[in-house]
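Biologist: I would like to learn how to read a structural model feature by feature. Could you walk me through one?

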Amino acid sequence: MSTISNHLPTAELQALDAAHHMHPFTTNDDLTAKGVRVIARAKGVYLTDTDGNEILDAMAGLWCVNLGYGRPEMGQVAARQMNELPYYNTFFQTTHVPGIALAKELADLAPGDLNHVFFAGSGSEANDTNLRMVRTYWAELGKPEKSHVISRKNAYHGSSMGSGSLGGMTYIHEQGGMPIPGIHHIGQPDWWSEGGDMTREDFGLARARELEEKILELGAENVAAFIGEPVQGAGGVIIPPSTYWPEIQRICRKHDVLLIADEVICGFGRTGNWFGAQTFDIIPDIMTVAKGLSSGYAPIGASIVNDKVAKVINACEFSHGYTYSGHPVCAAVALENLRIMHEENMLDHIRNVAAPALQNALSALEDHPLVGETARSGMMASIALTPHKESRAAFASPKGDVGYMCREHCFANNLVMRHVGDRMVISPPLVITPEEIEVFATRARKALDATYADLKDKDMLKAAS
Ligand SMILES: *Cc1c(COP(=O)(O)O)cnc(C)c1O
């Protein structure tokens, strides 16, 4: 076996990567031509690549490294748990302390009577669990036909067959025979792009009422559940109008449709509360969690389930589970993550320090000619790029071309900011300091300036007609 280390020349690592490593959501041949960036280490909010660049990670990895990188306690807990009990399953009438303790902790943190936890290895897996669980719930109650699930266009719930079908991204559906049957997608509450002349509030209500229309079209007796992210993350950090979620909850209750909040990004402080459901004042029947549950230090996800659903599921044998459901090392790491969040009063830091600083940085960017609106909920935010602010116009170029250019300029300025279409999205580690947010703001402005100059050069500042 050969040893591959950070000390190999970057070009050699890139060549090995290109030869053997298939990247997710990537045209690998294009990446090979361009040369992949090799991340060697990270500390706090900064990544270091093998060429020694220090890159501010305003995405917390993939929305997950909430504690920031390089927290030694996390590694210590993982090592201790690996030595004590690296693995045991929870299928065969057995359990273990990290699984028990994490389930109890999640039940304590979750709102309402969400008191029961089914573990998974990721957000995708947990949403697959949810799909089977809600259908099983209604079947056990003698209503097997109450099986359809309603989601939203441009939602992201994962990329497995089940979770990718629940999601509403057409480019995902185009590959591999998705969506699977019985899943329906209504409009998203994206006022900036789709609200036309309506007020935000009216638009929020109108989009929520699409749920009721869809339920009536399918027949409420056929609809098992509605699923939505409190704030759509991968869809571009779309913050719904304040009227949206209360109306969704009202409609679900009226028609006896289970409400699933996909909290994979919103959970664990991202929106300024423990869960996005609390930020938007709803109490779902099931919440999906992953990502920030362990700050990305170990792969773990879960479905947190209320008393009503758990009572039915616990009375039957739910023929479902993953080898790594409640993995003791991942559970121990997640517990340590939550312990640190409590110890460091992370919600106070977000509400009183980090979110106000992020808001200042965003507000200051609003005078930039490319910036249409900035949107923020807690520590997730987005910047809509536009050629014409007043009309909220899209660019004439194919959607995403300008966003991609901006992302490349960010990268060139040692800033990780992702783009979704022509929206830039921001989700930094929750521990980020006001000084680090200043660095973010400086680099973001440089990238926006460079993008603007580029667009001018290429005559791309034109609005779509
Ligand atoms: C990332 C994400 C998922 C999928 O989680 P994985 O761990 O990548 O499977 C599901 N839902 C939301 C809202 C996400 O952001």
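Modeller: Happy to. This is a predicted model, in which local features need pLDDT of at least 70 and side-chain atom pairs count only at pLDDT 80 or more, while totals for chains, interfaces and linings use all residues. Residues are numbered from 1 along each chain as its sequence is written, and side-chain values use heavy atoms, with hydrogens and water left out.

Biologist: Let me start with the ligand. Which residues surround the ligand?

Modeller: A residue is near a molecule if one of its heavy atoms lies within 4 Å of it. Here the ligand is surrounded by S122, G123, S124, N127, Y156, H157, G158, E229, D262, V264, I265 and K291.

Biologist: Which helix gives the most to that shell?

Modeller: Helices (H or I, at least four residues) and strands (E, at least two) are DSSP runs, numbered from the N terminus. Helix α6, residues 123–140, gives the most, with three residues.

Biologist: And what is the make-up of the shell by class?

Modeller: Ala, Val, Leu, Ile, Met, Phe, Trp, Tyr, Cys and Pro count as nonpolar, Asp, Glu, Lys and Arg as charged, and the others, Gly among them, as polar. The shell has three nonpolar, six polar and three charged residues.

Biologist: Which polar side-chain atom lies 2.7 Å from a nitrogen atom of the ligand?

Modeller: For a polar contact, look for a pair of N or O atoms within 3.5 Å; within protein, one must be able to donate a hydrogen and the other to accept it, and residues adjacent in sequence count only if both atoms are side-chain atoms. The atom you ask about belongs to D262. An N or O atom in the side chain of S124 is 2.6 Å from an oxygen atom of the ligand, and a polar side-chain atom of K291 also lies 2.6 Å from a ligand oxygen. Taken alone the ligand exposes 380 Å², and the protein buries 84% of that; accessible areas come from the Shrake-Rupley method with a 1.4 Å probe, and for residues only the protein chains shown count as cover.

Biologist: D262 makes me curious about its strand. What stands opposite D262 in β9?

Modeller: Two strands pair if DSSP finds at least two bridges between them. D262 stands opposite T288, and β8 and β9 pair in the parallel sense over three bridges. On to strand β10 (residues 301–306): four bridges join β9 to β10, and these two run antiparallel. V289 has A302 as its bridge partner in β10.

Biologist: Are the residues of β9 buried or exposed?

Modeller: Buried means under 20% relative accessible area, exposed over 50%, and partly exposed in between (1.4 Å probe, protein chains only). Both faces of β9, residues 286–289, are covered: I286 and T288 are buried on one side, M287 and V289 on the other. E263, in the loop between β8 and α12, counts as buried because its relative accessibility is 0%.

Biologist: What is the strand order in the open sheet of four strands?

Modeller: The order is β11-β12-β15-β14, with antiparallel pairing. β11 (371–377) and β14 (418–420) are the edge strands, each with a single partner, so one side of each has no neighbour in the sheet. Neighbouring strands are turned by 25° against each other on average, direction ignored; axes are lines fitted to C-alpha atoms, for helices over the stretch in contact, and angles run from 0 to 180 degrees between N-to-C directions. β11 and β12 (residues 380–385) pair over five bridges, and S377 has M380 as its bridge partner in β12.

Biologist: Where does S427 lie?

Modeller: S427 lies in the loop between β15 (423–426) and α17 (434–457). S427 is buried, because its relative accessible area is 0%, and its side chain makes a polar contact of 3.3 Å with the side chain of R270.

Biologist: Finally, how do I read the backbone angles?

Modeller: Most residues other than glycine have a negative phi, and most peptide bonds are trans. A cis peptide bond joins M178 and P179, with omega about -5°, and P179 sits in the loop between α8 and β6.

Biologist: Which loop holds V237?

Modeller: V237 is in the loop between β7 and α11, and its phi is positive, about 50°, although V237 is not a glycine. F268, in the loop between β8 and α12, has a positive phi near 65°.
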